[in-house]
Amino acid sequence: MNPATSPSAAPVDPTATAAWGELEAHNIELTGSLREWFDADPRRAETFTHDAADLRVDLSKNLVTPRTRELLLQLAQEVGVEARRDAMFAGAHVNTTEDRAVLHTALRRPSGASPALEVDGQQIDADVQETLQRVYDFARSVRSGEWTGVTGKRIETVVNIGIGGSDLGPVMVYEALKPLAQDGLSARFLSNIDPTDAYETTRDLDPETTLVIVASKTFTTLETLTNARLVRQWLLTGLREQAGLTAEQEEEAVAKHFVAVSTALDEVEAFGIDPRNAFGFWNWVGGRYSVDSAIGTVLATVLGPEVFEELLAGFHAMDEHFAAAPAAQNVPLLMGLLNVWNVNFLEAETHAVLPYSQYLHRFPAYLQQLTMESNGKSVRWDGSLATTETGEVFWGEPGTNGQHAFYQLIHQGTRIVPADFIAFASPNHALADGEQDVHELFLANFFAQTKALAFGKTAEEVRAEGTEGPLVAAREFSGDRPTTSIMAPALTPSVLGQLIALYEHITFVQGVVWGINSFDQWGVELGKQLAKGLAGAVAGDEEAIAAEDASTAGLIRYYREHRRD
Ligand code: F6P
């Protein structure tokens, strides 16, 4: 970024760039198919395959030619992606609407990184390391049994109470790395304000061996504070009933069973949690970018500080790649630009992420917040309207389950659904079915799907198998359905960190091209405000109900008539 340009100066309109016009013309002129492109260019796979840290990323089955890539890179140049990336890493206030730096990348800088990062007068590295060490000390004391519950029993379950970024990242990483949890220690996650969630999370837990982490960036989130109060009540009642806890011991019980993670330590104290048992982070970490901050305390505790360190190292490896790899080999940049191509030129409305790893079953849900809360915007960072379509809908499920559910539409539907396929060379658990290595069977599906999507099956090929008549068309596959294949040696903590950082940076690249601030989330505010305002009506205040629109009033009346406890 030109140092004279402030981060909130009007973004370059991508549709007004020379590259955009050329991409439009190129899209019209583009002929051929993936079959033809692969046949014509024996080096196509190589040309479009890149390494980023431990990830091998094959982009060759996307609907692009080397010319498309050249133009997309030109677009990135014209809108200033690299300059804004550098500004973000350096601590410029690229979160314009909240006037904040965006420094999740600083959370994973290694200890002793040089030169030290100072932003807005804060010694960022020193503060990050200090908090990390406090989190690790706490985690070690729980893991060793030194930290016990109020009755002296060892902690067996850590319940993380949080929602959005204070939940999705921790759950996803815990599920992905579950085999690394310490024996006798496990995590649970409570997020929804549906009372069922609090009930189900606690109903078979022993309060004497349960530790609660209340995780909330703001510490004002209705769901999290309500759940924290419910669990505090459950804990104190349980301890009274089964261990004879007295009223005088309640404060000590809360201190031994409740810790907090937040940027608002005053709110933590107001809630009744001892600030000495609280781990902070900073406003320059967005909620959906916070799993690598103290929000990961549950992970450091259950999986261990060493695992958390390895996770952070993975994030950092991808940050370094994004910051330094030349544009033509920069994987987050290329994948972000491909998404722009798919959305703005090929008119894709959604994007599937399909991990061939059962342990990554929460990865698509995690990515939904990361991508859609970041890029689901219609105005640009200077307040002007977006000039083109922005954030696509992200979704997905692990393969092979998805194959037997929704892949039909990806293969033969009328819509284009770009998809990322993710797989690992080594299984977490190698099992054999007789002579058959089951991981190989699993991977054969991974390889087969992208092949089928790219190259399809022609009518001639269908007929050659003996099919005739109208069935031929039903069994034909058009091919040319774009996919990216991401492989890594194994699902290790480092590789997981690399994958998360990869998608963070892809999201950033798309945001910059579209000129939107990927780091605010004003769109979630209205619903929150209205929910508060409806409390009286929901509780039965007839005047308040009558003041509502007819639909809302009708629904509330239905609730009032049918509620049974
Ligand atoms: O409602 C949206 C949101 O603000 C997310 O961005 C955030 O991750 C989530 O709520 C939870 O917020 P907090 O961590 O402050 O409780």
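A: In this predicted model, a backbone N or O atom of Gly-165 comes to 2.7 Å from an oxygen atom of the ligand. Ser-216 contributes through its side chain, a polar atom of which lies 2.6 Å from a ligand oxygen atom, whereas Lys-217 contributes through its backbone, with a polar atom placed 2.7 Å from an oxygen atom of the ligand. Of the 390 Å² of accessible area that the ligand has on its own, the protein covers 88%.

The ligand sits in the largest pocket, where 14 residues surround it, the closest being Ser-166, Ser-216, Thr-218, Thr-221 and Glu-373. Sorted by residue class, the shell around the ligand comprises 9 polar, 3 charged and 2 nonpolar residues.

The backbone also deserves attention at Phe-219, which is not a glycine and yet has a positive phi of about 60°; Phe-219 belongs to the loop that runs between β7 (210–215) and α9 (222–243).

One leads from Ser-114 to Pro-115, with omega near -5°, and Pro-115 lies in the loop between α5 (81–90) and β3 (118–119). Another joins Gly-399 and Thr-400, with omega about 5°, and Thr-400 is part of the loop between β11 (393–395) and α16 (407–412).

Note on methods
Residues numbered from 1 in each chain as written. Predicted model: local features only at pLDDT ≥ 70, side-chain atom pairs only at ≥ 80, totals over all residues. Heavy atoms only, no water. Near = heavy atom within 4 Å. Polar contact = N/O pair within 3.5 Å; in protein donor to acceptor, adjacent residues only side chain to side chain. Areas by Shrake-Rupley, 256 points an atom, 1.4 Å probe, with all protein chains shown as cover. 1 Å grid on protein atoms, 1.4 Å probe; cavity = no way out; pocket = protein on both sides within 12 Å on 5 of 7 lines; lining within 4 Å. Sits in = over half its atoms within 2 Å of the grid points. Nonpolar A, V, L, I, M, F, W, Y, C, P; charged D, E, K, R; others polar. Helix = DSSP H or I, 4+ residues; strand = E, 2+ residues; numbered from the N terminus.
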